[in-house]
Every structure is written in structure tokens, then in C-alpha cells.
There are 2 protein chains.
Amino acid sequence: MADWKNLDRLSAFDALKAVNRTDLVKDMSGESGVNRVKKYNVKMAAGLTYNYAAKQVNDEILEKLVALAKEAQLSEKFKALYNGEVINTGEKRMVLHQLTRGQLGDNVTADGGDKREFYVAQQKKIADFANKVHNGEITNAAGEKFTTVVQIGIGGSDLGPRAMYLALENWAKKNGTFKMDAKFISNVDPDDAAAVLAGTDLAHAIFILVSKSGTTLETLTNEAFVKDALKKAGLDASKHMIAVTSETSPLASSSDYLAAFFMDDYIGGRYSSTSAVGGAILSLAFGPKVFADFLDGAAQEDKLSANEDVLSNPEMLDALIGVYERNVLGYPATAILPYSQALSRFPAHLQQLDMESNGKSVNRFGEDINYVTGPVIFGEPGTNGQHSFYQLLHQGTDIVPLQFVGFKASQIGTDVEIKGSTSQAKLCANVAAQIIAFACGKKDENPNKSFAGGRPSSIIIGEKLDPKALGALLAHFENKVMFQGFLWNINSFDQEGVQLGKKLATAVLAHETEGALKEFSEIFNI
Amino acid sequence: MADWKNLDRLSAFDALKAVNRTDLVKDMSGESGVNRVKKYNVKMAAGLTYNYAAKQVNDEILEKLVALAKEAQLSEKFKALYNGEVINTGEKRMVLHQLTRGQLGDNVTADGGDKREFYVAQQKKIADFANKVHNGEITNAAGEKFTTVVQIGIGGSDLGPRAMYLALENWAKKNGTFKMDAKFISNVDPDDAAAVLAGTDLAHAIFILVSKSGTTLETLTNEAFVKDALKKAGLDASKHMIAVTSETSPLASSSDYLAAFFMDDYIGGRYSSTSAVGGAILSLAFGPKVFADFLDGAAQEDKLSANEDVLSNPEMLDALIGVYERNVLGYPATAILPYSQALSRFPAHLQQLDMESNGKSVNRFGEDINYVTGPVIFGEPGTNGQHSFYQLLHQGTDIVPLQFVGFKASQIGTDVEIKGSTSQAKLCANVAAQIIAFACGKKDENPNKSFAGGRPSSIIIGEKLDPKALGALLAHFENKVMFQGFLWNINSFDQEGVQLGKKLATAVLAHETEGALKEFSEIFNI
């Protein structure tokens, strides 16, 4: 059995705090910099590499991080997780999202069956359904093919699937696997659903209602919104809707849906992109093979996360360096900076993944902790961000650790050569340049133009953003967040912090409030 | 002449630090909370209200903030700015973006003319051009109407105009003023331009090239990309492109463009939404009247910013409270949370506006400063964010001050009533509930479900997001950022921090690098 201890009760953490800080400007200059770029990198799945040359670590600090990983029993805890131990202690649930894409350990049985078989069966059911939609076996009432799929969901049922769809849309169009346009309705703001529906050919649209419990207020409201629109268009809603939910939800066996695909309580919303939640929309949009490849990339990365050799385990290393930056160096935020327009909403997904998982103030036993946990996560694609918030990253008063992502080749392949280089070369040149600019800085006589440097970054470099690379990238961050949760000894798999607001909103709508809340409700004429 | 002093040289700042902190849980509970909601609010333009009841201030702290505003001479400095003093000391330029929408003080003369007249003339020129496009006087070579406008620009030439377009798209469609679809190309990633162009009817598209200097690499590269595509489609690029630039730029008198509209060096990119940079695309998309109303809302808010009565000046108050949170309470980040799907990219615009303006480590004289300046800014629309990163905001170990925005009515007006309330009522109920949940928290026997509260927020409340309200909202944040720059004694109007990366990227492309940068370049095959 793993020994769950707070970070500040580990002697390796004291040892880590006692080590001298590195001088990143010096480290990344001259021959030392060259050696670090060559040495401080680790292979990931699907041709990706995690390079941490420009992080504020050296061999001595890495040695302490390895010791911390051992004392915190990161590998044992991951093993316990994938073997089906109840790691989500708050909700008393297993944590099985890795099982949606592969099997790392023991068979896990629950709800009367083998869970891996259950997830594979759902994937297969979705694949069959998607194939029938694509080949015209399943059509609208007029016998015409569906051309658009619209996901109705919020949070984990929206951000991950949306980010993954955008990440592969152009790749699929280029590679001949694009099947249907996908759209998303999430916000309870009626203008969200109204605008999406106004731009959708309802007669040829299939809607996916995604709610694990079948009770998410925003999602049920938007479902009603959509049904209303379908009815007004003279269409039978039940011929246009499918559900992704849990087998125990009221939606599971409703005749309101053409089909229902299942996830379960062991898949948290923000970890559900590789379950039916991502599977239905990605399989419909791009075909089941693309979704299978995406899962395969994630499964391969999961295997690397299970590697007990810390320096060969990209996720564990990234997690450890992040905790060093947060709890020893004291940096309060982390920026995610993909140099790929296709990853435009990937930072928004990671923002949920990380902040909802590790934004906690009590440990997994409900006891207060005496150290900071999850940082603020934000980001936008490069080079856009360079012309936006990078000013603060370069010359602001706080240091913000950076996580770059870059690919050698573009997805579409259409390019122009201007001033002797392609746009893709310019894109790559920019991310390489930023790493050095942040790390090394540059003194200038004009203090306004002076850069202190010493601003740490890592980069994940790939060949091209394809389904496997995307799966590996996603699993990298999921598993990094998991390991950080282990280090902080918190439960990364519940989200009790979202409940109070929901309760109070319900009270407002029921006119059962008093005090300042009543006052605000009256301002809004509720 | 205003006296420019560092924040920590102001005695009012010492006095502010010495005041006891408030207890937000207590303040916002019971009768006290009711009174604060009623009292701590100030009228803005276009029917908006800034309410700061849930901020960690009380009458005593507000008194010290007023004293700080006076000692820092915020009103005098704003006056100096709008009367044409060289406030952008780094680049030795005046700062005139407020003059694009109104005149608060003296006539400002430069470049051989009155600047207000110049900006109005550009607005009129754009309006004439837009009207001719709309009524078919200006068409493509085949004599057909243009149906789509595509902006090519990055940073301030992209984020602000894009956020404003999205903010008003549905409003314009509902109100019969929608003229043309707008799209945006920004990233040097070739997949950005390729994907936008693939979805555009080139024969009926008009492109706006936006670059003040006419030298922005990304923008010129994307222009070449677009021209290439037009040529391949058998179209004459010069009949499909207009330019927004400075009069001295190489683009100004080029025959490559149907028309050119001008901005100048006194308008920073991130402050350019009310200049020709926003004017061309918004006038083409929605008609000149909508753009004029947007300017009018901004001009009205500017007037309020010039009010010397601090407690009646929403921008000054917001700025002062923000500095109190940053420099006394020590909070490192601020979240922007609009409860309006139309404002989906407004936080990304404010991220640039704020972080690029105030992410500085030297004062306006180039001297090091001993206090923190601009915070990290991030945000997403509610209620989406509630299902994402709010977990950390409610229960994380760091306190993140929040800026909510909410409107009583939706833009489109289509709605459904579910469980006795409309979607719009649910949206409003949620934002009201969140304010109280963050401020007051809620104790629970289960520490996992316990909320400490004490997390400060403000809210801007409006009737409906229309052009005037949007203008006022934009000016609010622009002027807030300006006042904060004054308080920190930094130059909020240059961005030298973006230069080093550009230089190094150029060196990479010219193969003139060594050390770690060369090593990274080789990994990317450059």
C-alpha cells in the first residue's frame, strides 16, 4: 500500500529546498547551453520529445527531484491508480480514464464487468454508429445524410472535445478523413445556443447530449433549447439526438435519443476526452480510425508515465519540475504556449484540467495543508501571444514558467516563402528564439530595452500534429497533473469547489435568498 | 506639470498599507452586505454600473485610496495625456487613442494638422468606403458585391477588433445592421491562413491589411499568403485589398490597395480598436453607424474617467482597488469573467491590453522599481468557466481577484423557460451567486466541501451588450490600465519586451546563431 504523505513531510523536499538555485542565464549560454539542449530531453510517444534544457534545474537538482519522486512513491501511486484502487477518496471512486485507451496493469472489475472491456465496447458501439451515419445507413427522417454534429455539453464535456476537434480539423481535411463539421453549445447564455443554431442546417444535424449524471443544468437547458428549435423547424428531435451519459442516468434508456453511449463514474469530466465523451463527436467528425489513433497515442504515453526511471518518464519529470517551480521557487502561474494555431483551445482545456484538478487547499484526507498547490494556468498560441502578453513574461516583475509546444511541419502543408523562409520556418524560428530570449535575456544600455533573462521554459517538440501526437500530448498533461496531485497529496479527481455557486444560483432562481445576494438578484430583475 | 513619482515614494501608499484589512465574509453578510451592494457602486456610461461591494475595501480604505489618487495626481496626469503631452516617454510620443472617439481637452496638433480632425476624417473616409461596398458602388472585378471581410493583422491589430466583432455580431444580426461576415488571419503558422482561406469565398472577399509600420513580419507574410491564393484563383489582388497603416508607411500610397486608411504613432496597437484599425472592419461588418455608436460609448466613458471626484470615477476606482490588491494584499493574478458568450474573446483582448501595458520592471525614467506591477490576466466567459477553473478560484491556495461583467438581457432574445426560469435568468442568477459564494464562502463539516470565502470581486452590470455599452466597457478597461500605469509610475504605452525575441528569430532564419539557439534551430531543421 502506498504511503500518502504531505509534501512538507518528505525529507527529500527539505533536501530539494536546500540545494543552491541555478543561474539560468549562465546555464543556457555558450557550450553549457548546447550540452543542456542535447542532454536534458526525454523521448515521448508518437515522435514527441520533452526538452527541459531551459528549466532552472541541473544534475544536482534533478537528483533531488528523483529522490522526491521515490519518497513520494509516484510510481507506486500511479500503479495503485491503474490497478483500480479508490484514488478519488472524496467521492470514493476509482480513477480509470487511462483504461479508456489501454491497459497498464490488472484487470479492473466494477458494475458487474471488466472495465476495459466496457470502454472498448463503447468505443466499438460508437464506431459502428459513426460508420452508419457516414455511409447513409442512419439518416434523417427524409433519408438524407447528416452533415453536421453538434455537441451539447459544458466543462469537461465541452473544452476537451472542442480543443481536440480544432486540433485535428485541418489535419483530417488534408488527409481525407474529414466526415462532418462539428459545433459546440455550452454556455447557459441563450445567445450561445441561438447563434450556433442560426448557423446550422438543422435538418442535417445530429446533436450529442453529453452529461454523465444527466442532471447538468446548463446542458439540459440547452437540450431544451435545441429541441425547441428542431420542433419549430418541423423536425422530430428524437431522430436528431444521441446521448453520452452514464448507464444509471435518466438519459440512458430514454426514447428521446437515437442512441446512447456510456461513460461511468470512474471518468472525471476533465479526463473524459478519450472516453465516449470525446469518442462520439471525434468519431462522427473524423471517422473511428482517427479516434482510435488518438487513443493509441495516449496509451503509448501512459506507458511512459508508468516508467519507474524518473529521467525517462516525461510526465513525472514535468510534474516534479513544476512542483519545484511552485513550492521552492514560488512562481504562482504557468503559461501554455503552443506554436500551432490548431491548438488554439488546448490551453483552455489544460486550464480546466490543471486548475480544477489541483486547485485544492486540503489534502486527500481533508486536512489543511501548509503549502501552495495548483498554479493559475493560461495561454494562447504563438506567435499570437508574442504580440500580446509576452511583454509581461519578458519584462514583468513576476516570473511565469512557460510550457512551449512546437511541430516541425504544418498540418495543411500550404505555405509561402517570404524573405527566404517559409511561414512554418518562421513559426519554428520564433519558438526557438523565445526559449533563448526568456532564458538568457540581453543587457542593454537603455534599461527599457534590457532583458534580465532567467525565465524558465520547457518545450514539447513533434514532427506534425496528427491524431497520435495529439493523444500523446493530452496524456502527457493529464498524467503530469496526476503526479503533481500525488506530490501535493491532494485529491485531483473531485471538484467540490464548484458546488456552492450552483446551490446559491438555484436559491436565486427559487427566490429563496436574503442579504447581499437578494440585492444583487434584484438588480438583475430576477 | 505633473510630478511623476514611484508608488513607494508616496506617503499615501504608506498610509494605505497601514490600514487594517477588511473581513470580506463579515462585510458581505447580513445587513452590511445589503448596504454595501447599494452604496459601493458608481454609474458608468451607456447604462453600465461598476459595483465593488465584494471588494476588500471599506470607507477607511477608500479614503486612503482617494488620498493616493490625489497624491499620485491621477487626474492631472490624464489631463496632461489628453492635452497632448508626451506621455509615452520611451518612444517619445503622445498618447491619443481617446482622441479617436472624442475630445476631452485642448486641440492637439501634430504632423501638420489637428489630430482630432484627422481621426474624424479617417472615420468618415472609412464610412464612405463601407457605404459604397454595401450599396454596390465598390464591387469585385465582376461587378458583384463583396460578402466577406478578412482582417490580416496580429496583436493589437487582431485581438481588439476580433473581440469587438464577436461582441456585436449577434446583436447586429438581430438588429438588422449586419452587412458582411468578418474573419481574421493573424498567426504566422501557415495553417491559420490556409484554414481561413479554405473557408472563404475569395471572389467576394475584401481583405484589410493592418500594420502601422507596414513592416510586421507575420502580417506581411500572411498578406503574401493571401495574394498567392487570390492569384491562384485568377483574381486581381489589388481589387480585393485595402490597407490600414500610418501615412508614412510604405503601404500608404501603394497601388496594391483599393484604399488606405490611416492611424498614426500616437495610437498604440492594443489601444487601436477605436481607430481605423477597428473602424475599417467594424464599419464594413456592421455599417458605420454601429461603429459611431461604439465610439460614442467609449467617449462617454472617457469623460467619466476625467472626473476628479474619485468615487464617481469608475476607472480610477477600479485602478486603485487593483493596485491595493496587487501591492498591499499581494495577489499575483486577476481573472476577467464576462457572463456573456458574445464577450468570449474580450478577456484575450484585455490580457494583451493589461499585460503588455503594465508588465514592466522599470519606471518611466528607466529606473528599477521595488514593487510588483501588472498582474497575470486571464479569463473565459461564465457560466463556462464555472465548470472549468473556478474550482481553483474557490478552493485553491492563492486568492485571485475577479472582475465580473453581466447584462440583464441577452442580445438575440431567443430563450426557453426550463424549471420556471429562462436561460438569461439562469445566467444572471449564476453571476450573482458566484459573487456571494466567493465573498462569503460556506463552512461545512466536510473540509472538502468547505469554502473559506474572502475572495474579492467586482462586477460591471449593463442592460444589454450593444455598441455603446461595448464602447464604454472597452474604455473602462483602457483607462483603468492607464491609471494603474500612472500609479506604478511606468510607461504603459511602449512594449520593448517584444523586441528581443523578434531579433533572435530573425537571426535563426538568417542562420546567424550559435550555442543553444543554434542547437534548437537544428532540431527544427531550420
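In this predicted model, five strands of chain A form an open sheet in the order S6-S5-S7-S8-S9, and their pairing is parallel. The edges of the sheet are strand S6 (181–185) and strand S9 (260–263) of chain A, each of which pairs on one side only. On average, and with direction ignored, neighbouring strands of the sheet are turned by 20° against each other. Strands of a sheet pair through backbone hydrogen bonds, in either a parallel or an antiparallel manner. Within this sheet, strand S7 (residues 205–210) of chain A is joined to strand S8 (residues 241–246) of chain A in the parallel sense, over four bridges. A:Val210 is found opposite A:Val244 in S8(A).

A helix pair of chain A may be considered next. Two packed helices are described by the angle between their axes and the distance between the axes. For helix H12 (residues 314–328) of chain A and helix H16 (residues 467–488) of chain A, the packing angle is about 50° and the axes are 8 Å apart. Because angles from 65 to 115 degrees count as roughly perpendicular and those under 35 degrees as roughly parallel, H12(A) is oblique to H16(A). The crossing in which H12(A) passes H16(A) is right-handed. On the side of H12(A), the contact is made by A:Pro314, A:Glu315, A:Met316, A:Asp318, A:Ala319, A:Gly322 and A:Val323. H16(A) contributes A:His476, A:Asn479, A:Lys480, A:Phe483, A:Gln484 and A:Leu487. By class, the residues of this contact comprise six nonpolar, four polar and three charged.

Chain A has 120 residues in contact with 120 residues of chain B. The side of chain A that touches chain B receives the most from helix H15 (residues 423–440) of chain A, which gives 14 residues. This side of chain A consists of 56 nonpolar, 45 polar and 19 charged residues.

How are the two copies related? Chain A is superposed on chain B by a rotation of 180° with 0.0 Å of shift along its axis, at an RMSD of 0.0 Å. The two copies are therefore related as by a two-fold rotation axis. In chain A, the C-alpha nearest the axis belongs to A:Phe378 and lies 3.2 Å from it. Of the interface residues of chain A, 100% are also interface residues in chain B, so the copies meet through the same surface.

How values were computed. Residues are numbered from 1 along each chain as its sequence is written. Chains are lettered from A and ligands numbered from 1 in the order in which they are written. This is a predicted model: local features need pLDDT of at least 70, side-chain atom pairs count only at pLDDT 80 or more; totals for chains, interfaces and linings use all residues. Axes are lines fitted to C-alpha atoms, for helices over the stretch in contact, and angles run from 0 to 180 degrees between N-to-C directions. Helices (H or I, at least four residues) and strands (E, at least two) are DSSP runs, numbered from the N terminus. Angles under 35 degrees count as roughly parallel, over 145 as roughly antiparallel, 65 to 115 as roughly perpendicular and the rest as oblique. A crossing is left-handed if the near helix is turned anticlockwise from the far one by less than a right angle, and right-handed if clockwise. Two residues are in contact if their C-beta atoms, placed from the backbone, lie within 7 Å. Ala, Val, Leu, Ile, Met, Phe, Trp, Tyr, Cys and Pro count as nonpolar, Asp, Glu, Lys and Arg as charged, and the others, Gly among them, as polar. Two strands pair if DSSP finds at least two bridges between them. Copies are superposed by least squares on the C-alpha atoms of residues with pLDDT of at least 70 in both.
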